[in-house]
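Hi,

Here's the structure I promised to pass on.

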Amino acid sequence: MSFKAIRRFAAIAGFAVATLAGGIQAGTADDWPNQQITFVVALGPGGSADRTARLVAQRMQDELGVPIRVVNQEGGGGHVGHSYFLNMPDDGTFFLASSIHPYISNAILELDAEYSLDDFAFVNGQWTDIDLFAMNKDLPYGSLDEFMKAAKENPGKMKISVVPGSTGYINTLLVLEAYGISEDDVNIVTYESGSAARTAAAGGQVDLTVLGADGTVPIAEYIKPLAVAGDDRLPEWDAPTVNEALEPLGVKVPSLVGSMRGIAAHASFKEKYPERFEKFAAAYKAALADADFAADLKKQKIGAEWLGPERTTQIITSNFDILKRFQEEK
């Protein structure tokens with residue numbers, strides 16, 4: 001055998017051994033993670049999703065024992081970042097740490113994304129916006145039921161502010177539908193920002209606004225909370241859930257939550273490396289359970305809830321069906 005042939009054979013053999021060893025190493029869970037992890041934020045820097053990801057990354061470094069960097073891949077309402085993440089290795093070196101709902105669902109429904117919910121393994125929805133139905137404080141109505149009945153009796157009179165395409169808009173349509181009120185029987189006024197929509201309600205330019213409860217806190221003295229669009233009441237607001245408010249009608253509407261900041265892995269990562277997935281989830285849960293870290297998040301008005309993979313997936317999946325229905329009715 002010539003010297004060149006020997007070198008070629010040695011190189012091939014070495015590659016095969018390295019590949020085999022790498023495959024064995026990849027299959028073990030106790031040595032993972034052993035290199036830097038990257039969190040992909042599918043939105044721009046400085047926003048709520050970005051701030052959440054960076055704080056969690058700093059804390060989870062301690063739990064996992066490796067550095068975690070954060071990169072932003074913004075564009076297309078999250079679509080650019082989702083696609084970037086899915087094209088990265090699925091060995092546990094990349095995770096999507098972003099607003100995992102409703103951005104992924106909206107990209108699938110509105111942008112004909114090539115991916116589906118099944119391509120993501122949701123780890124946790126840490127911080128979820130719940131929409132608040134808030135009325136201008138000077139109006140005489142004492143409940144959501146009274147407001148909606150007045151809207152039904154006076155077609156075209158009531159003005160409701162929302163952000164176009166938001167969950168607040170769809171939650172508004174769900175409640176109108178429950179009362180048998182057509183969208184054309186109220187004046188739905190759209191604003192490009194939540195701040196502008198809330199200001200309109202506080203100033204009396206509109207009668208009602210339906211937007212994230214957390215963001216409405218600064219105008220609390222100017223509005224009256226009527227209901228929250230979630231399964232549970234919120235401690236910050238003296239208001240029933242929407243379905244509690246609908247009890248006089250004897251009907252219920254599905255709960256559509258707002259922006260959910262959290263983390264997702266590749267579905268193939270969970271399938272191929274279940275022990276690694278569980279290890280990552282346990283580290284995330286432990287970080288959020290740390291009292292000092294939770295207090296730091298609270299100071300920055302960032303949630304620290306642990307829903308876990310199953311509940312997070314259930315919420316996103318059920319909400320996807322609601323979004324799909326309204327998308328098809330457009």
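Predicted model: local features only at pLDDT ≥ 70, side-chain atom pairs only at ≥ 80, totals over all residues.

Start with the open sheet whose strands run in the order β2-β1-β3-β10-β4. That's five strands, and their pairing is mixed. The edges are β2 (68-72) and β4 (120-128), each of which pairs on one side only. From one strand to the next, the twist averages 25 degrees.

One spot to look for is H101, whose bridge partner in β10 is M260.

Helix α2 (residues 48-64) touches β1 (37-41), β2, β3, β4 and β10, and its direction is about 165 degrees from that of β2. Helix α13 (residues 308-328) touches β3, β4 and β10, and its direction makes about 90 degrees with that of β4.

**Where α13 meets α4**

Helix α13 also packs with helix α4 (residues 103-110). Two packed helices are described by the angle between their axes and the distance between the axes. Here the angle is about 35 degrees and the axes are 10 Å apart. The crossing of α4 and α13 is right-handed.

Which residues meet there? From α4 you have S105, N106, I108, L109 and E110, and from α13 there are I316, F320, L323, K324 and Q327. Sorted by type, the residues of this contact are five nonpolar, three polar and two charged.

**The other sheet**

There's also an open sheet with the order β7-β6-β8-β5-β9, again five strands with mixed pairing. Its edge strands, pairing on one side only, are β7 (187-190) and β9. The twist averages 25 degrees from one strand to the next here.

Strand β5 (residues 131-136) and β9 are antiparallel, with five bridges between them. Within that pairing, L132 has V228 in β9 as its bridge partner.

Helix α5 (residues 144-153) lies across β5, β8 (208-212) and β9, at about 95 degrees to β9. Helix α6 packs on the sheet too, touching β5, β6 (159-162), β7 and β8, with its direction at about 75 degrees to that of β5.

Is N171 buried or exposed? You'll find N171 in helix α6 (residues 167-178). Its relative accessibility is 3%, and the cut-off for buried is under 20%, so N171 counts as buried. The N171 side chain makes a polar contact with the side chain of D131, at 2.9 Å. Leaving aside neighbours within four places in sequence, N171 is in contact with D131, F133, V210, A229 and L256.

T241 sits in the loop between β9 (223-228) and α9 (242-245). With a relative accessible area of 5%, T241 is buried as well. Again skipping neighbours within four places in sequence, T241 is in contact with A227, V228, G230, D231, D232 and R233.

**The ends of α12**

Last stop: helix α12 (residues 291-299). D290 caps its N-terminal end, with a side-chain oxygen 3.1 Å from the backbone nitrogen of D292. After α12 comes K301, which has a positive phi, near 60 degrees.

Happy browsing!

Technical notes:
Residues numbered from 1 in each chain as written. Heavy atoms only, no water. Pairing = 2+ DSSP bridges. Helix = DSSP H or I, 4+ residues; strand = E, 2+ residues; numbered from the N terminus. Axes fitted to C-alpha atoms, helices over the stretch in contact; angles between N-to-C directions. Contact = heavy atoms within 4.5 Å. Buried < 20%, exposed > 50% of the residue type's maximum accessible area, 1.4 Å probe, protein only. Polar contact = N/O pair within 3.5 Å; in protein donor to acceptor, adjacent residues only side chain to side chain. Left-handed = near helix turned anticlockwise from the far one by under 90°. Nonpolar A, V, L, I, M, F, W, Y, C, P; charged D, E, K, R; others polar.
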